[in-house]
Amino acid sequence: MSATWVEPSGTATALLLLGRGSDADSERGVDCPGELPAPSDPDLVARARAAKATLGDRVFVLGHHYQRDEVIQFADVTGDSFKLAQRAAARPDAEWIVFCGVHFMAESADILTADHQQVVLPDLAAGCSMADMAALPQVETAWQQLTEAGVAGQTVPVTYMNSSADIKGFVGRNGGVVCTSSNARRALDWAYERGEKVLFLPDQHLGRNTAVLELGFTLDECVLWDPHKPQGGLTEAQLRQARIILWRGHCSVHGRFTLDSVQEVRDRVPGVNVLVHPECRHEVVTAADEVGSTEKIIKVLSEAPAGSAWAVGTELNLVRRLAHQHPDKQVMFLDKTVCYCSTMNRIDLPHLVWALEELVAGRVPNRITVEADTARYARSALDQMLALP
Ligand code: 13P
Ligand code: SF4
């Protein structure tokens, strides 16, 4: 562990360490049929190992970088959303893909894998609040209003991976593309070769950060579509002059980092490098030294010189793991308080053991499937992403 690691303090809103047995009734077994092992079971690690050994190559376990250490140790591959989508698509031999991540990632894996492969999400309550901020009826209404305003014809829809399969299907049906935090720039380049404007779903921050900091747009060229207001709260003139129409969605975890957090750490630690995820607010990303996906954050830290200091603005499980892996560097969490993604954290070792043991017993638990028509269009938008130059 980085010698200077300081554990952020807990807050009433940010604890969210679920499945630890502190509230057995509310925390355990959410949408999780069957016998979930007790978190206190001392044999959990041995049980996970044994189940994985029994299943062999028939199972492929994917782990997103925000997963807990107790889970990530059993991942066959770890990655950001892009790498995990690529890897899921590249394992046609595995009968079961156990996705230690959140629901939209498991849906994408189901879309990208063959029909005979089954995708399992160890806890169905592992969703993503950002993905939930864009529902298909809202997006269809928005598209209809853009059509009436005469701008849909010049607009290409682009959705962040962090969206439901329905939204990816909508984007595929309307000639658009999916992107992740590691290829948003290339996805926007692709879109602007095909249209004058982009409707960017559902993360306003990734959209704005990429458009302004990478494509050189002005903030005035980015407008915010509020799905709860008529015509998104925008005038026809605003829509006509916009280059990018940002959906009013955000990540509550990354929304916790503020310009004050950046200034405070710069005052406290002279020479510190600030490294953040592009889901952070625009002013935070602008004030940071480096920005990138979880995979890039890992790469930047692994290449950083010994003795350098890094304040990292992304989910805490990953930042703590990085501090552990780089004892020769000063790695700190950008905020003073705990900042877990509560839904990523729902996948704990008891849920993983339960899912693997169910597979051993011949049952497929918590299978994630996407309806065929939606999957067909979503796949075209995902394939387009995988084919980006
Ligand atoms: P990455 O694709 O960078 O791993 O991000 C996924 C995510 O959900 C970040 O909040
Ligand atoms: Fe969704 Fe934010 Fe969690 Fe990522 S960190 S899965 S965007 S809620």
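Is Ser108 buried or exposed? In this predicted model, Ser108 has a relative accessibility of 2%. Buried means under 20% relative accessible area, so Ser108 counts as buried.

The residue belongs to helix 5, which covers residues 103-112.

The next place to look is the ligand. Ligand 1 takes up the space of the largest pocket. The residues that surround ligand 1 are His64, Tyr66, Asp80, Ser81, Tyr160, Asn162, Ser181, His254, His277, Glu279, Ser293 and Thr294. By type, this shell around ligand 1 consists of 8 polar, 2 nonpolar and 2 charged residues.

Several side chains of the shell can be followed to oxygen atoms of the ligand. For His64, a polar side-chain atom is found 2.6 Å from an oxygen atom of ligand 1. In the side chain of Thr294, an N or O atom is 2.6 Å from an oxygen atom of ligand 1. For Glu279, the distance between a side-chain N or O atom and an oxygen atom of ligand 1 is 2.9 Å. How much of ligand 1 does the protein bury? On its own, ligand 1 exposes 300 Å², and the protein buries 96% of that area.

How values were computed. Residues are numbered from 1 along each chain as its sequence is written. Chains are lettered from A and ligands numbered from 1 in the order in which they are written. This is a predicted model: local features need pLDDT of at least 70, side-chain atom pairs count only at pLDDT 80 or more; totals for chains, interfaces and linings use all residues. Side-chain values use heavy atoms; hydrogens and water are left out. A residue is near a molecule or strand if one of its heavy atoms lies within 4 Å of it. A polar contact is a pair of N or O atoms within 3.5 Å; within protein, one must be able to donate a hydrogen and the other to accept it, and residues adjacent in sequence count only if both atoms are side-chain atoms. Accessible areas come from the Shrake-Rupley method with a 1.4 Å probe; for residues, only the protein chains shown count as cover. On a 1 Å grid over the protein atoms alone, a cavity is a set of points where a 1.4 Å probe fits but cannot get out, and a pocket is an open set with protein on both sides within 12 Å along at least five of seven lines; lining residues have an atom within 4 Å of a point. A molecule sits in a cavity or pocket if more than half of its atoms lie within 2 Å of its grid points. Ala, Val, Leu, Ile, Met, Phe, Trp, Tyr, Cys and Pro count as nonpolar, Asp, Glu, Lys and Arg as charged, and the others, Gly among them, as polar. Helices (H or I, at least four residues) and strands (E, at least two) are DSSP runs, numbered from the N terminus. Buried means under 20% relative accessible area, exposed over 50%, partly exposed in between (1.4 Å probe, protein chains only).
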